[in-house]
Amino acid sequence: MKTTFNFLLTLMLVGLACLKSTVAAAQDPGWVLLGSINAPLPPYELCYYKILQMNATTDRYASVIELNVQANPNYYNQQGIYRIMVSKYEGLTDRFNGMEIKCIGGNPGVATFYVYNNALWVRANYGWGVIQYRNISQAYNSPLVPTPFGQTITAPAGYIATADFSGLKCDFVNNVFYKLPATSSGGDEIISGKMGIGLTPTYQLHVSSPANPSAAAAYIWGENYGTAIGTLDTTSARYAFSVFGNSYADASARAGGRKQLFFVRGDGNVGIGTAAPQSKLAVNGDITARKIRVTQSGWADFVFQPGYQLPSLGEVEAYINAHQHLPGIPSAAEVTKDGIDLGDMNKQLLQKIEELTLYIIELKKEMQQQHSEIKQLKATLNK
């Protein structure tokens with residue numbers, strides 16, 4: 001009995017050791033050299049590698065592979081690690097089922113991936129280094145290209161999608177490809193698709209939204225108020241972005257609905273305090289600024305040109321009596337109706353100042369002439 005028990009125990013231990021060895025071989029995290037980034041001879045072109053493929057039509061894939069692109073070590077942003085997930089069931093004979101390519105560390109722009117229905121190629125975007133891979137998880141067959149991996153400087157042709165900076169989620173069943181978020185080497189977050197906070201997004205941006213009104217393409221909601229504080233819309237007749245609030249500046253509650261704060265119309269017009277901006281920027285309220293610069297295509301210095309015909313003071317007086325405002329200056333009714341163009345108005349006011357200066361110069365000359373004549377008359381009288 002004891003001998004039989006020891007024999008069975010020995011078989012169990014051997015079996016566990018074999019199982020452990022098999023699992024370790026399938027999920028060994030050690031990096032394996034894929035190849036050099038550059039060709040070995042001048043001009044040292046960047047190399048393309050076919051790393052995944054459908055090795056057999058009856059294969060079944062549920063694999064996770066990581067790729068380590070180590071380019072020039074003199075630069076901090078020329079390295080990156082990518083995780084690739086591939087799926088396929090044995091009934092598919094001509095394509096994968098799905099694939100995901102995502103940078104999980106370093107610079108997501110250090111490599112470009114070329115996606116086919118049944119294969120994946122890669123090329124580093126920076127030179128002087130190596131590309132490594134490791135098999136993280138493999139439940140069934142392996143989609144890795146049998147080693148040694150081929151090295152070519154000829155770019156692959158006929159691919160259906162690429163992933164360079166943003167990762168890519170591939171749905172080969174419906175032939176749809178989605179760009180994934182990426183973190184740049186400087187720490188910036190880049191989101192190419194839809195974003196939802198607190199819910200599944202229906203549009204480009206959804207933040208804690210209850211039922212989505214059909215009048216807008218997306219809403220931004222404030223949990224403190226329970227009502228929409230902003231909306232996004234792709235229809236030009238509506239708003240590309242707008243912000244609402246139902247509180248005053250002192251945080252007291254606003255009765256009677258939401259307060260209109262900021263609007264960007266689909267045609268690019270921006271309104272602050274108004275929901276109907278009729279120009280590129282419309283402000284219903286005061287504007288405070290340290291400096292405002294208005295560009296002009298012309299200025300009023302033409303008044304000082306030799307050929308300028310200065311109106312006589314009599315002509316100016318007649319115009320004022322007839323119209324009750326200066327020539328060239330809009331009337332009070334026109335300003336009330338249409339407002340004023342600051343740049344144009346400053347030019348017109350400068351023109352009047354320059355004309356006044358010419359009038360003063362003429363008057364001074366006349367006064368000097370009169371003074372001279374009076375002086376001569378006094379001298380004659382004294383004699």
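This is a predicted model: local features need pLDDT of at least 70, side-chain atom pairs count only at pLDDT 80 or more; totals for chains, interfaces and linings use all residues.
Local features need pLDDT of at least 70, side-chain atom pairs count only at pLDDT 80 or more, and totals for chains, interfaces and linings use all residues. Residues are numbered from 1 along each chain as its sequence is written, and side-chain values use heavy atoms, without hydrogens and water.

**View 1. The largest pocket and its lining.**
The volume is about 180 Å³. A pocket is an open set of points on a 1 Å grid where a 1.4 Å probe fits, with protein on both sides within 12 Å along at least five of seven lines; lining residues have an atom within 4 Å of a point. Helix 2 (313-323) and helix 4 (342-382) each supply at least two lining residues. Helices are DSSP runs (H or I, at least four residues) and strands are runs of E (at least two), numbered from the N terminus. Helix 4 gives the largest share, 4 residues. Among the lining residues are Pro311, Leu326, Lys352 and Tyr359. By class, 7 are nonpolar, 3 are charged and none is polar.

**View 2. The hairpin of strands 10 and 11.**
Strand 10 (residues 168-171) pairs with strand 11 (residues 176-179) in the antiparallel sense, over 4 bridges. Pairing requires at least two DSSP bridges. Asp171 stands opposite Val176. The turn holds 4 residues, including Asn175, whose phi is positive at about 55°.

**View 3. A nonpolar surface patch.**
Leu261, Phe262, Ile272, Leu281, Val283 and Ile287 make this patch of about 480 Å². Patch residues have over 30% relative accessible area and no salt bridge, with nonpolar side chains joined within 5 Å. Strand 19 (259-265) and strand 21 (281-283) each supply at least two residues. Val283 lies in strand 21.

Terms used. Grid points are joined across faces, edges and corners, and a volume is the space filled by probe spheres set on the points. Ala, Val, Leu, Ile, Met, Phe, Trp, Tyr, Cys and Pro count as nonpolar, Asp, Glu, Lys and Arg as charged, and the others, Gly among them, as polar. Patches are made of residues with over 30% relative accessible area and no salt bridge: like charges are joined within 9 Å, nonpolar side chains (Val, Leu, Ile, Met, Phe, Trp, Tyr) within 5 Å. Accessible areas come from the Shrake-Rupley method with a 1.4 Å probe; for residues, only the protein chains shown count as cover. A salt bridge is a side-chain nitrogen of Lys or Arg within 4 Å of a carboxyl oxygen of Asp or Glu.
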